[in-house]
Amino acid sequence: MKVEWLLRLYPRAWRGRYEDEFRALLEQHHVTVVTFLDVLLGALDAHLFPQLEAGRILNMTARIRTAVIMVLWGWVGFYPAGHHVYSLMFSSPFMAATQMNPATAIAYTFVVVGVMVSFLAVAAGGIPVAWSALASAIKGRRIGILILAALPILLMLAAWEVTAWLVRILPLVGRGQATLPEIGPIRLTAAGILGLLWTGGALAGTFAITLVTVKSSIGERIFRWTLNCAVAATLAMVVALGATLLWGLGLRYVPGALRSLNVSEANLVAAWTRVVVQMGLFAGLSVWGVVRGLREGSRHAA
Amino acid sequence: MSSGLSDLGRFSDPSILILASLSEGPKHGYAMMQDIQAFAGVSLEPGTLYGALARLERRGWIKSEPAEDRRRPYSLSGEGAAAAREQLLRLERIATVGLGRLRTT
């Protein structure tokens with residue numbers, strides 16, 4: 001079994017430093033399927049936790065960068081769930097039920113503030129990184145980076161376009177151009193398509209941003225600023241998560257609050273649980289990233 | 001600088017094996033794999049070996065020597081030798097306590 005070709009998957013800096021001796025070792029080693037998997041995992045590890053850059057032993061910056069990317073992925077998973085709760089403010093029955101008790105009203109305010117602050121912190125941290133990456137890509141005429149950087153915007157525009165198109169045609173279905181039994185499945189299919197489209201778009205877009213960040217030469221000062229923003233975003237996510245928990249439990253125990261919503265309690269509990277679990281998992285990922293980043297930053301400072 | 005190996009995650013065990021192997025003198029990658037197989041019965045795979053080597057080199061615990069026909073030997077630095085001694089003594093204490101307890105049961 002040949003595994004030398006897997007070396008192409010390692011980062012350029014790693015190959016510059018280790019490729020020759022690694023090849024020499026592989027020529028002597030009895031290669032098995034385990035070796036294949038091990039070399040593959042080694043390539044992933046070398047990208048995720050780079051120990052080298054530009055042939056020199058570095059690199060705290062790369063570790064802080066990894067932490068920042070973890071927070072970005074955490075926020076991308078957290079935000080849709082948080083926004084779902086946030087958007088309930090536009091539903092009057094929910095707002096009325098929330099205002100029935102001061103504790104739920106305050107908890108809800110914290111959800112809104114947490115979600116908004118997390119968004120602003122991610123934007124504040126992301127803009128300098130994007131600016132620096134684009135500037136170095138234009139200067140170095142790196143077309144691949146520019147295409148990758150444009151991908152999230154193109155995907156979002158495509159998703160908006162498809163969403164707008166579906167919204168345009170669905171009311172026609174409701175106005176008698178299809179029989180009533182068809183409307184339910186059609187709306188369900190449309191919702192499924194939109195869900196897949198936005199989820200796939202968000203994943204692909206975030207992956208593109210990750211690649212741009214990893215492949216660009218961005219200074220340590222910018223990543224330190226971004227790490228501060230990532231800390232702020234993570235704190236905001238944790239606050240929003242705690243407030244969502246309190247808000248949901250509050251609604252459950254405020255007399256008459258759930259009844260005033262006029263929806264099935266089981267469905268409501270299921271939806272709330274799903275949102276809380278999603279927020280919890282992704283806020284946890286962000287906390288993990290921030291802890292790693294701060295530990296690395298303080299070690300570097302020492 | 002960290003003095004332990006626990007923050008190396010899945011590379012902490014391979015790292016102690018590498019440090020133990022290099023305690024004898026400089027070795028290149030394949031020689032280390034054979035030596036570790038001989039004294040510990042552990043078959044390190046190349047990806048894991050180089051993941052651990054890069055981490056140890058970054059910490060300054062090992063240093064690379066000039067390459068000989070593409071094969072680059074590594075040796076322990078002074079700090080690496082101290083760290084290896086500390087880690088091996090810790091393992092020795094664990095083994096002594098464990099074996100002692102087994103004898104009394």
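How many salt bridges does the rule find across the interface of chain A and chain B? Work through the exercises to find out.

This is a predicted model, in which local features need pLDDT of at least 70, side-chain atom pairs count only at pLDDT 80 or more, and totals for chains, interfaces and linings use all residues. Residues are numbered from 1 along each chain as its sequence is written, chains are lettered from A and ligands numbered from 1 in the order in which they are written, and side-chain values use heavy atoms, with hydrogens and water left out.

**Exercise 1. Describe the interface of chain A and chain B.**

Step 1. Take contact as heavy atoms within 4.5 Å. On chain A, 30 residues are in contact with 24 residues of chain B.

Step 2. Take buried area as the accessible area (1.4 Å probe) that two parts lose on being put together, summed over both. The two chains bury about 2,300 Å² between them. Carbon and sulfur atoms carry 50% of it.

Step 3. Count salt bridges (a side-chain nitrogen of Lys or Arg within 4 Å of a carboxyl oxygen of Asp or Glu). The rule finds four across the interface.

Step 4. Look at B:Arg72 and A:Glu21. They form a salt bridge, with the closest N and O atoms 3.1 Å apart.

**Exercise 2. Check the length of H2(B) and place its buried residues.**

Step 1. Helices (H or I, at least four residues) and strands (E, at least two) are DSSP runs, numbered from the N terminus. The expected span of a helix is 1.5 Å times one less than its number of residues.

Step 2. H2(B) has 12 residues, so it should span 16 Å; its end C-alpha atoms are 16 Å apart, which agrees.

Step 3. Buried means under 20% relative accessible area, exposed over 50%, partly exposed in between (1.4 Å probe, protein chains only). Buried residues of H2(B) include B:Met32, B:Met33 and B:Ile36.

Step 4. The buried residues pack against H1 of chain A, and against H1, H3 and E2 of chain B.

Step 5. After H2(B) comes B:Gly41, with a positive phi near 70°.

**Exercise 3. Find the residues that touch the most others in the largest nonpolar core.**

Step 1. A nonpolar core is a set of buried Ala, Val, Leu, Ile, Met, Phe, Trp, Tyr and Cys residues joined through side-chain atoms within 4.5 Å.

Step 2. The largest has 38 residues; B:Ile18, B:Leu49 and B:Tyr50 touch the most other members.

Step 3. H1 and H2 of chain A are among the elements giving two or more residues to this core. H3(B) gives the most, with six residues.

Step 4. B:Ile18 touches residues including B:Met32, B:Ile36 and B:Leu49.

Note on methods. Lists of a residue's contacts leave out its neighbours within four places in sequence.
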